[in-house]
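Open your viewer, load the model and get ready to click along. Each stop tells you what to select next and what you will find there.

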Amino acid sequence: MVDITALSPPLPGQSCSISNDVLWCRMPLPLALDHINVYLVRDNGGWVIIDCGMATKATKAAWTTIIEQLDGPITSVIVTHMHPDHIGLSIIKVSAPTRRT
């Protein structure tokens, strides 16, 4: 396991690998608390987003850059609670993975 206290926080639009299956990202906030930590977890050929950040142009741009760098689609979005900085961009498109029959 990685000691995350030893990692440098990722800049907006970047991710930091906590493990092969978990990425840590930070989304900017236009508040005194200037960021939110969000995560991507590998899931059956794609990625699950955990928390989304506030619906701002800066956050949308950061997500666009991060999603373009992933090796699979976004399969799900999980929001941990109903604060605007966690749920604001939960409308991110989810690409359903191809299911085997």
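The tour goes from the sheet to the helix, then to the core, the charged residues and a few loops.

**Before you start**

This is a predicted model, so local features need pLDDT of at least 70 and side-chain atom pairs count only at pLDDT 80 or more, while totals for chains, interfaces and linings use all residues. Residues are numbered from 1 along each chain as its sequence is written, and side-chain values use heavy atoms, with hydrogens and water left out.

**Stop 1: the sheet**

Switch to a cartoon view and colour the strands. Helices (H or I, at least four residues) and strands (E, at least two) are DSSP runs, numbered from the N terminus. In what order do the strands of the open sheet lie? The 5 strands follow the order 1-2-3-4-5, with mixed pairing; two strands pair if DSSP finds at least two bridges between them. Strand 1 and strand 5 are the edge strands, each pairing on one side only. On average, neighbouring strands of this sheet are turned by 25° against each other, direction ignored. For such angles, axes are lines fitted to C-alpha atoms, for helices over the stretch in contact, and angles run from 0 to 180 degrees between N-to-C directions.

**Stop 2**

Select strand 1 (15-19) and strand 2 (22-28). They form a hairpin with 2 residues between them, and they pair in the antiparallel sense over 4 bridges. Click on S15 to find one such link: its bridge partner in strand 2 is C25.

For an example, select M27, whose bridge partner in strand 3 is I36.

Strand 4 (46-50) comes next. Strand 3 and strand 4 pair in the antiparallel sense over 5 bridges, and V41 has V48 in strand 4 as its bridge partner.

**Stop 3**

Select helix 1 (57-69). Which strands does helix 1 touch? Helix 1 packs on the sheet and touches strand 2, strand 3, strand 4 and strand 5; contact means heavy atoms within 4.5 Å. The direction of helix 1 makes about 155° with that of strand 2.

**Stop 4: the core**

Show side chains and select M27, L40 and W63. These residues have the most contacts inside the largest nonpolar core, which has 16 residues. A nonpolar core is a set of buried Ala, Val, Leu, Ile, Met, Phe, Trp, Tyr and Cys residues joined through side-chain atoms within 4.5 Å. Strand 2, strand 3, strand 4 and helix 1 are the elements that give two or more residues to this core. In soluble globular proteins, nonpolar side chains tend to be buried together.

Look back at strand 2, which is mostly covered, with 5 of its 7 residues buried. Buried means under 20% relative accessible area, exposed over 50%, and partly exposed in between (1.4 Å probe, protein chains only).

**Stop 5**

Select D21, R42 and D71. Salt bridges that share partners join D21, R42 and D71 into one network. A salt bridge is a side-chain nitrogen of Lys or Arg within 4 Å of a carboxyl oxygen of Asp or Glu, and by this rule there are 2.

- D21 with R42: the closest N and O atoms are 3.1 Å apart.
- R42 with D71: the closest N and O atoms are 3.2 Å apart. D71 lies in the loop between helix 1 and strand 5 (74-78), so the pair ties together parts that are 29 residues apart in sequence.

Colour these residues by accessibility. D21 is partly exposed at 38%, R42 is partly exposed at 35%, and D71 is exposed at 58%.

**Stop 6: loops to finish**

Select N44, in the loop between strand 3 and strand 4. Although not a glycine, N44 has a positive phi of about 45°. Is N44 buried or exposed? With 69% relative accessibility, N44 counts as exposed.

Move on to D51, in the loop between strand 4 and helix 1. D51 has a positive phi of about 70° although it is not a glycine, and at 6% relative accessibility D51 counts as buried.

Finally, select T56, in the loop between strand 4 and helix 1. T56 is buried at 18% relative accessibility. A polar contact of 3.0 Å joins the side chains of T56 and T59. A polar contact is a pair of N or O atoms within 3.5 Å; within protein, one must be able to donate a hydrogen and the other to accept it, and residues adjacent in sequence count only if both atoms are side-chain atoms.
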